[in-house]
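I opened this entry to record what I looked up, item by item. The model comes first, and my notes follow.

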Amino acid sequence: TAEALLDGIKKHGHRHAHFEPTFDKLLEKAMDILASGDVVLSLGAGNIWQISERLLAKINDNTTEIIS
């Protein structure tokens, strides 16, 4: 399961790894923890690539709000 994979990742020293069950929750979590200069790498099968597009759009929206 995804939770078991996360547990294994954390046991190998990646204590800041996260699992979210939906794209909406993943996007919300990413926006909460990302900081200027961070790099996001999404790996997976299927439609996980869509979160990258949504995250980039959200970051661009937030940047525009900050500049305005």
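**Salt bridge**

I looked up the charged contacts and found that the side chains of Arg54 and Asp24 meet in a salt bridge, at 2.5 Å from N to O. The term stands for a side-chain nitrogen of Lys or Arg within 4 Å of a carboxyl oxygen of Asp or Glu. The pair links distant parts of the chain, 30 residues apart: Arg54 sits in helix 3 (residues 49–67) and Asp24 in helix 2 (residues 23–33). My search of the whole structure gives 1 salt bridge.

I then checked the exposure of both partners. Arg54 counts as partly exposed because its relative accessibility is 33%. Asp24 has a relative accessible area of 51%, so I noted Asp24 as exposed. The classes are buried under 20% relative accessible area, exposed over 50%, and partly exposed in between, with a 1.4 Å probe and protein chains only.

**Source of the model**

I note that this is a predicted model, in which local features need pLDDT of at least 70 and side-chain atom pairs count only at pLDDT 80 or more, while totals for chains, interfaces and linings use all residues. Residues are numbered from 1 along each chain as its sequence is written, and side-chain values use heavy atoms, with hydrogens and water left out.

**Overall layout**

I read the pattern along the sequence as α-α-α, with 3 helices and 0 strands in the protein. Helices (H or I, at least four residues) and strands (E, at least two) are DSSP runs, numbered from the N terminus. The C-alpha trace spans about 45 × 25 × 15 Å along its principal axes.

I looked up burial for the chain: of the 68 residues, 10% are buried. The protein exposes about 5700 Å², and carbon and sulfur atoms supply 57% of that area. The areas come from the Shrake-Rupley method with a 1.4 Å probe.

**Nonpolar core**

Which residues make up the largest nonpolar core? I found 5 residues in all: Leu27, Ala30, Ile48, Ile51 and Leu55. Helix 2 and helix 3 each supply at least two residues of this core. A nonpolar core is a set of buried Ala, Val, Leu, Ile, Met, Phe, Trp, Tyr and Cys residues joined through side-chain atoms within 4.5 Å.

**Loop between helix 1 and helix 2**

Is Ala17 buried or exposed? I found a relative accessible area of 19%, so Ala17 is buried. Ala17 is placed in the loop between helix 1 (2–11) and helix 2. Leaving out residues up to four places away in sequence, I see Ala17 touch Leu6, Ile9 and Lys10. Contact means heavy atoms within 4.5 Å. The C-alpha atoms of Ala17 and Leu34 are separated by 13 Å, and the two residues are 17 residues apart along the chain.

I also looked up Arg15, which lies in the loop between helix 1 and helix 2. Arg15 is exposed, with a relative accessible area of 64%.
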